[in-house]
Amino acid sequence: MPSKILIAEDEPNIVVSLEFLLKGAGYEVAVARDGASALKLAATLHPDLVVLDVMLPLVDGFEVCRQIRGNPVLKNARILMLTARGRESEMEKGVAAGANAYMTKPFATKELMTKVAELLTPAGPR
Amino acid sequence: MNDLLALLGRFLGPDRAQEAFASYARSRGAKSVNALAADANLVHYAESLLAGAIGSASARVMVASVVEEEPLGLDEVMNILDEASQVLAYSRQLEQKSRELEAATNELRGANQRLQELDRLKDDFISTVTHELRTPLTSIRAFSEILNDNPRLEDGQRTKFLGIIIKESERLTRLINQVLDLAKIESGNAEWHASDIDMREVIEDSVTAVSQLFKDGNIELQVQLPRQAPQVVADRDRLMQVMLNLLSNAAKFCERRDGKVTASLERQGDFLRVDVTDNGVGISPADQAVIFDKFRQVGDTLTQKPKGSGLGLAISRQIIDHFGGRLWVTSQPGVGSTFSFTLPVIAGAVAPGQRAS
């Protein structure tokens, strides 16, 4: 059974690229375009991985991250945060909120795919 | 004698008083302070010592009262009052000075806070610019790599991805230009080409420029111009920029079947007033307060419309400000918005060849 990935991203074209890349690699993909629907979708889908943008409308990525971490049902979900604000403080904030990994936009597609595969490996970084 | 010493001791301190009397005794050849007689010379000496501390009139009266030499005269009372009022005035001056110092300190503190605030705003601005630049670049890079790594993509997909790269490159270019433009205006380095302008022409030209956009969005665009209008002094290209910004914003937030935008011009006293009214989604009062700030966009993240740069209104406001006018918005959520600006008219001037017949 393919791993389930939830993309939480509000930039339509970035969503198109992520969908293409992740579906192309055989993952099952769902998309949420704001933080509130990301939380709703995560609760019903139980994704293995959430690719989470930081600056989401309605509920920001850090908060989405904290709420997913606070939900025992979702305790196995890995979280890869993406941000267009390349600041170290942001990265620390993401890690503090419970993200497993953090990447800065623009990302190299190969690096992103390697990171995704790593996070979905049972022994992968937690 | 001891009374005099005690009196001096209270004002100068016992040690200094004792010492002063001892040196006086030595200069007089007396064996000790106690051998001194409370004669006129000593009294005078005591007065002069005391005068340094409490003023000469007060010293004189005090010494006199101790040696019981003479009764208090009217002159002395007057002098004491004078001294007292001088001391009072002096202390008021001190108080005033200390208030001034305090005010200056507060001013400095305020200036420091404003500097810190400016610094923070600059940081925020840079952080936001960074974010806004990285976002289109993310799509450009991702799709370039996808196209590069997938030479056998089907034509439809290839065309779509290339289209995204082109669109996002345009967005990036626009954004960079606008950031530079705004920076130039804010630093006072923008070039302004002011001339006498017939605002009706500017409105007509801008409406022509956006007509395709409105046709594509199926939005009705109406223009209401008076038969004559006084001229304004402004930069024509900059006014076009403002009109295009307001009209394209109106179109963007007017995404419904009976979308309708009206651009109108009227004279209001010494000003020309332009209104761009739409029947779009409207803007909440909280959002109205921030949409003229840099990078503050509202409503478009949920409608999935391609974002603007978030700088258009900030630049427009700077332009209208520069020519002595005002740009503002009135809006009711769900009903629509009106963006209005004014420009001062040139006294007595009516656009040449445009006079009412």
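## A hairpin in chain B

B:Leu265 stands opposite B:Val274, a residue of strand β5(B), in what is a predicted model. The two strands concerned are β4 of chain B, covering residues 260-268, and β5 of chain B, covering residues 271-278, and they pair in the antiparallel sense over eight bridges. Between β4(B) and β5(B) there are two residues, so that the strands form a hairpin, and B:Gly269 in the turn has a positive phi of about 60°.

## Helix α8 of chain B

Helix α8 of chain B runs over residues 236-252, and its 17 residues should span 24 Å at 1.5 Å a residue, which agrees with the 24 Å that separates its end C-alpha atoms. Buried residues of α8(B) include B:Arg238, B:Asn245, B:Asn249 and B:Lys252, and with them B:Leu239, B:Val242, B:Met243, B:Leu246 and B:Leu247. B:Ala250 and B:Ala251 in α8(B) are buried as well.

## Overall build of chain A

Chain A holds five helices and five strands, and along the sequence these follow the pattern β-α-β-α-β-α-β-α-β-α. Of the 126 residues in chain A, 46% are buried.

## Helix α5 of chain A

Helix α5 of chain A, residues 109-120, has 12 residues and reaches 17 Å from its first C-alpha to its last, close to the 16 Å expected at 1.5 Å a residue. Its buried residues are A:Thr109, A:Leu112, A:Lys115, A:Val116 and A:Leu119. Because they cover an arc of only 125° around the axis, these residues are on the same side of α5(A).

The face of α5(A) that is turned away from this buried side carries A:Lys110, A:Glu111 and A:Thr114, which are exposed. The buried residues of α5(A) are covered by elements from both chains, including α1, β3 (49-53), β4 (78-83) and β5 (101-104) of chain A together with α5 (74-149) of chain B.

## Where the two chains meet

The contact between the chains involves 20 residues of chain A and 18 residues of chain B. On the side of chain A that touches chain B, helix α1 of chain A, which covers residues 12-24, gives the most, with seven residues. Sorted by class, that side of chain A has 10 nonpolar, four polar and six charged residues. Helix α1 of chain A is also among the elements that cover the buried residues of α5(A).

Methods:
Residues are numbered from 1 along each chain as its sequence is written. Chains are lettered from A and ligands numbered from 1 in the order in which they are written. This is a predicted model: local features need pLDDT of at least 70, side-chain atom pairs count only at pLDDT 80 or more; totals for chains, interfaces and linings use all residues. Two residues are in contact if their C-beta atoms, placed from the backbone, lie within 7 Å. Helices (H or I, at least four residues) and strands (E, at least two) are DSSP runs, numbered from the N terminus. Ala, Val, Leu, Ile, Met, Phe, Trp, Tyr, Cys and Pro count as nonpolar, Asp, Glu, Lys and Arg as charged, and the others, Gly among them, as polar. The expected span of a helix is 1.5 Å times one less than its number of residues. A residue is buried if 20 or more other C-beta atoms lie within 10 Å of its own, exposed if 12 or fewer, and partly exposed in between; C-beta atoms are placed from the backbone. The arc is that of the directions from the helix axis to the C-beta atoms. Two strands pair if DSSP finds at least two bridges between them.
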